[in-house]
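Please keep the sequence and the structure in view while reading.

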Amino acid sequence: MTKGYWIARARIHDPEGYNKYLAANGAAFRKYGARFLIRNGKYEAPAGEAWPRNVVAVFEDYDTALACFRSPEYQHAIAERGDSADVDVLIVEGYEGPQPEDA
């Protein structure tokens, strides 16, 4: 079974308001077994638009990643965030097919 991933990026306008979201989102991430692979580390954008905060989280599978986003716990975290940030979230199914070294 392939993993599910959240790919998120944010522009924070109100750090105090965004901290409310950070305090609330852990309940959903714990419940759905999320693990952070990327959480606001150094970055470079050689193509496209850079956002100042970048996150990639992994879940057991795609359905679990969707369930986490749609959960009451995460919806509460979104409400806590309010208008403190612009946020994009993609939920993507992982890939287990051939890799370049297999060619």
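This is a predicted model: local features need pLDDT of at least 70, side-chain atom pairs count only at pLDDT 80 or more; totals for chains, interfaces and linings use all residues.

In soluble globular proteins, nonpolar side chains tend to be buried together.

## Helix α1

Helix α1 covers residues 15–31, 17 residues in number, and spans 25 Å between its first and last C-alpha, close to the expected 24 Å. A kink of about 30 degrees is centred on Asn25. Just after the helix, Gly33 has a positive phi of about 70 degrees.

Among the buried residues of α1 are Tyr18, Tyr21, Asn25 and Phe29. The buried residues of this helix pack against β1, β2, β3, α2, α3 and β4.

## Salt bridges

How many salt bridges does a search of the whole structure find? The search finds 3. In one of them, the side chains of Lys31 and Glu73 meet at 2.9 Å, N to O. Lys31 belongs to helix α1 and Glu73 to helix α3, so this pair ties together parts 42 residues apart in sequence. Lys31 counts as exposed because its relative accessibility is 52%, whereas Glu73, at 23%, is partly exposed.

A salt bridge also joins the side chains of Arg9 and Asp88, at 3.5 Å, N to O. Here strand β1 holds Arg9 and strand β4 holds Asp88, 79 residues apart.

How values were computed. Residues are numbered from 1 along each chain as its sequence is written. Side-chain values use heavy atoms; hydrogens and water are left out. Helices (H or I, at least four residues) and strands (E, at least two) are DSSP runs, numbered from the N terminus. The expected span of a helix is 1.5 Å times one less than its number of residues. The bend at a residue is the angle between axes fitted to the seven residues ending there and the seven starting there. Buried means under 20% relative accessible area, exposed over 50%, partly exposed in between (1.4 Å probe, protein chains only). Contact means heavy atoms within 4.5 Å. A salt bridge is a side-chain nitrogen of Lys or Arg within 4 Å of a carboxyl oxygen of Asp or Glu.
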